[in-house]
Amino acid sequence: MWRWGDRMNELWREIKKHWLIYRLFLKNSLMAQMEYRFNFIGNLAMESGYLLVKLSYVVVVYRSGVSIHGLSPDEILLFIGTFVFLTAVYAGLYMINNFGLRGKIKDGDLDLILTKPVSLQFMATLRQADLTIFSVDALAGAVMVCIAWARLSIPVNLVTVGGYLGFLGISSVVSYCLFLLPQILSFWLMNTSAIAEITDSFWDFNNMPMDIYNRWIQQIGVFILPIFVVTNFPPMFVLKKMPSVYLGWALLLPFLLLGLVRLAWKRGLRNYSSASS
Amino acid sequence: MPWLKKYLKAFELGFETALEYRFNFMISLISAAYPIIIQSFLWSAIYAASAGSSVYGYTFRQMIAYTFMAGLVARLVRTGFEYEIMDDVKNGKFSKFLVQPMGYFPYRLASFLGQKVPGQGMILGLLGLVLVGLNVFWGMQIEPLRVLAFLVTLVLATVLNFLLFYCFSAISFWIIEVGFLFEGIRIVTVLLSGGIFPLEVFGDRFARAAGLLPFKYTVNYPINVLNGKLTGSEALQGMLLQMIWIGVILLAANLLWRVGGRRYVAVGG
Amino acid sequence: MVIKVNRLSKSFEYYKKELGLRNSIRNLFYREKLIKEAVREISFEIEEGEMVGFLGPNGAGKTTTLKMLSGILHPTSGQAQVLGFTPWERKKAFKMQFAIVMGQKNQLWWDLPANESLYLNKCIYELDDRQYQETLGELTELLDVKDLLNVQVRRLSLGERMKMELIAALIHRPRLIFLDEPTIGLDILSQMKIREFFRYYNLEKKATVVLTSHYMQDIEGLCKRVIIINEGQLVYDGDLHRVNDAFAHTKLIKLQLAVPVRVDELEAFGRVKSHDAFTVTLEVPRAEVKERSKAILDHLPVSDFNIEDIPVEEGIAQLYRRREVNHALA
């Protein structure tokens, strides 16, 4: 029995260590970004532009004034706010790393990280962050969610807030896995820039609540290509519109996907040939 | 005309580049399809829930037709040379044009048109398919004269958008590392040009204000020529406005580039 | 025993690629697989505290071998024990004890001062503050870069950057260090400084060092023992200065002449390697050095006379060439 305790201790120590390193990654990314003032402004402009487009959907919904498949405009605002907030996580924390992975594999840039006593996948997929993008979207998303939350008079208590945040956590894990998986193909294929572009624009399917699609597309988007899980589940939970099947699925999916990513990653790594010089 | 030859060469080079990246282009068409799909579903839901048959002055069919065409036209007039210009200025390649008997502006225009031709052919083909589809399934009638007028406005729209982004590119003279600034500008112009939703959707006041800007004439206006929302005289009037805007932006571009070029020489490239 | 390698091999698969769209499409379904044997059945052992040089022409398999020993690559066959571990299992305890420096790869954050990256490594290697400060102080002192820690890496010169890379690699006091072309592209002064540093480090810390380099001076200055690899195979393992004993069958006789002598007259005494009016270098078979010397002294107007070994560099170059010849014949 003490052995198991030891292993748990060891695991806990590793998690603490990785969290410490992650905070350093964030700090370093921010510092590196501030070195280039105008790049910073450029990124700010880009993300604000994208944000404006997402807001235009909100305008369309509110001005039409109708409830869409039983969702009122305020409820839809909650969905879109959640989408914007999670875009902060995806575009701010994952995307640069995902897009960079192909180059790292091709140029043999995993070599040095491979010799470090930390998880390679962690180092290769979370090392960089764009905190400009993150801040813009996180702020805008949070504001939208708060407005919708207030207008819908959703009670603020441990269950609603805790549940919502819990589902945000699940969504962050699911989107990490979902958008990393296609990039792992780079271990086998040389030219995956096309895959990168297609999967990236796939993200926008979360722009509207999945209720606008027909049943078939909904089922596929939840169970087969679980893109809808990302931004639909947190608001569905708060709005009490979540079937219990989805609840179970939401709890299972992160583990399933993480397992799949680990498996694919390890398989891919065996294929890593460094850039043989 | 030997002076024309070098620009023909630039056109040819642009054309070849586009062919080389045809795979990327097709991929970008796939990602352009996503928003069209999402918006179509959104509109179906909105029209299903609303009482009247017309929303914002568009019938359901008109709206779907607009959505498809907007996606394609926005793609059709889209530029992409801003980053090349930025590179030219940053790496000093621009200096070459200051001493050579070759204007930078006509060089860029020729190269841009060359790059556009293969993609435009494909998008026009897709547009044709959409029109035929609308005609066969929904019985939407499109007069040949409108198609002809549409094609003319499309050429003007492409030139206008080129000029607009030629102006924006001048930012490179003042800021060296612009990062994704152009992407931000692009996405806002797409929104203002009606490339995502019809401008009327955002209210009359917004539509009128947006009408005072040139962007509308790159996407929204050509589509309205085609789908019959504009009368014949309105269409002609719009064409005139397109040309006026082209003139105005040309002057602005000239001015901006002269000032920028002077700065470039002063700073030393 | 720090390193024990037994019949280690690595082959890479690659595909023949032809140009054109049609071939690209065909390649989707069928690709002709080709195999390149980068390393073939290499075996050797390295003791604690040794400093060993890896030599070989470009593409000989030096870097591939180092990458296998540091766990970056899986071998195709064979075994290796490094610090008691199988490197490609990449156990954490193994990673904590060694370091690899590659002259062409960097681990420092480009836009940040080096000390940020060093601090990151402190956390990665779980060093406590005292340990970290001590090692950092010592290494910056030795490499003379104390005041550069706060400068962005991209503003450093190549030599300064390499020194920072070294500090980043050594901050956890590894027992074993792999150096792959650590002085590539550096000016002579920086090269010397880095060589000096490793000589001291090896003596002082008893760390085992395995080094590959293009610069013969690196190897000559640092390593007593060399392992020479050519076309993936081990061709020599032993004392650097005995390379010639094993392979070179000639010696050089250098002459100063009192009066010029015609070349065809000189050729009677040995192969003329170089000559001008008064200085001549002759190459003679090792076994005949004595007789030839006597003949030269008897018949030529010699004012000065010297018998020398062929320079190590040249001996090694001959070694490479010989393998190529064998290969061509086979």
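What follows is a conversation about this predicted model, chain by chain and element by element.

Student: Let's start with chain C as a whole. How many helices and strands does chain C have?

Tutor: Happy to start there! Chain C has 330 residues, and 38% of them count as buried. The C-alpha atoms of chain C fill a box of roughly 75 × 60 × 40 Å along the principal axes. By secondary structure, the count for chain C is 12 helices and 13 strands.

Student: Now to helix H6 of chain C, residues 158–170. How many of the residues of H6(C) are buried?

Tutor: H6(C) has 13 residues and reaches 18 Å from its first C-alpha to its last, close to the 18 Å expected at 1.5 Å a residue. Its buried residues include Arg161(C), Lys163(C) and Glu165(C) as well as Leu166(C) and Ile167(C). H6(C) is mostly covered, and the number of buried residues is 10 of 13.

Student: Which elements of chain C do the buried residues of H6(C) pack against?

Tutor: The buried set runs from Arg161(C) through Met162(C) and onward to Leu170(C). One partner is a strand and the others are helices. They are strand S5 (98–102), helix H4 (114–124), helix H5 (129–143) and helix H7 (188–205) of chain C.

Student: Let's look at strand S6 of chain C, residues 176–180. Which residues point each way from S6(C)?

Tutor: In a regular strand the side chains alternate between the two faces of the sheet. S6(C) is mostly covered, with five of its five residues buried. Leu176(C), Phe178(C) and Asp180(C) point one way, while the other way point Ile177(C) and Leu179(C).

Student: In which sense, parallel or antiparallel, do S6(C) and strand S7 of chain C pair?

Tutor: S6(C) has a pairing with S5(C), in the parallel sense over five bridges, and there Phe98(C) stands opposite Leu176(C). With S7(C), residues 208–212, S6(C) pairs over five bridges too, and Asp180(C) has Thr212(C) as its bridge partner. The sense of the pairing of S6(C) and S7(C) is parallel.

Student: There is also an open sheet of four strands in chain C. Which strands are the edge strands?

Tutor: The order is S11-S12-S10-S13, with antiparallel pairing, and neighbouring strands are turned by 20 degrees against each other on average, direction ignored. Inside the sheet, seven bridges join S10(C) (residues 250–257) to S12(C) (residues 279–285), with Lys254(C) and Thr281(C) as bridge partners. An edge strand pairs on one side only, and here these are S11 (271–275) and S13 (302–308) of chain C.

Student: Turning to the interface, which element gives the most to the side of chain C that touches chain A?

Tutor: In this interface, 26 residues of chain C are in contact with 20 residues of chain A. Helix H2 (62–69), helix H3 (92–95), S5 and H4 of chain C each give two or more residues. With four residues, the element that gives the most is H4(C).

Student: How do the residues of that side of chain C divide into nonpolar, polar and charged?

Tutor: This is the side of chain C that touches chain A, with 26 residues. It divides into 13 nonpolar, six polar and seven charged.

Student: In chain A, are helices H7 and H10 roughly parallel or antiparallel?

Tutor: H7(A), residues 158–184, and H10(A), residues 228–238, pack at an angle of about 170 degrees with their axes 8 Å apart. Their contact includes Phe167(A) of H7(A) and Phe233(A) of H10(A), and by class it has 11 nonpolar, five polar and no charged residues. Angles over 145 degrees count as roughly antiparallel, so H7(A) is, relative to H10(A), roughly antiparallel.

Student: One last stop, in chain B. Why does Lys9(B) count as partly exposed?

Tutor: Lys9(B) is found in helix H1 (residues 2–20) of chain B. Its C-alpha lies 9.4 Å from that of Gly114(B), 105 residues apart in sequence. The class follows from the neighbour count, because inside 10 Å Lys9(B) has 15 C-beta neighbours.

Definitions and conventions: Residues numbered from 1 in each chain as written. Chains lettered and ligands numbered in written order. Predicted model: local features only at pLDDT ≥ 70, side-chain atom pairs only at ≥ 80, totals over all residues. Expected span 1.5 Å × (residues − 1). Buried ≥ 20, exposed ≤ 12 C-beta atoms within 10 Å, placed from the backbone. Contact = placed C-beta atoms within 7 Å. Nonpolar A, V, L, I, M, F, W, Y, C, P; charged D, E, K, R; others polar. Axes fitted to C-alpha atoms, helices over the stretch in contact; angles between N-to-C directions. Parallel < 35°, antiparallel > 145°, perpendicular 65-115°, else oblique. Pairing = 2+ DSSP bridges.
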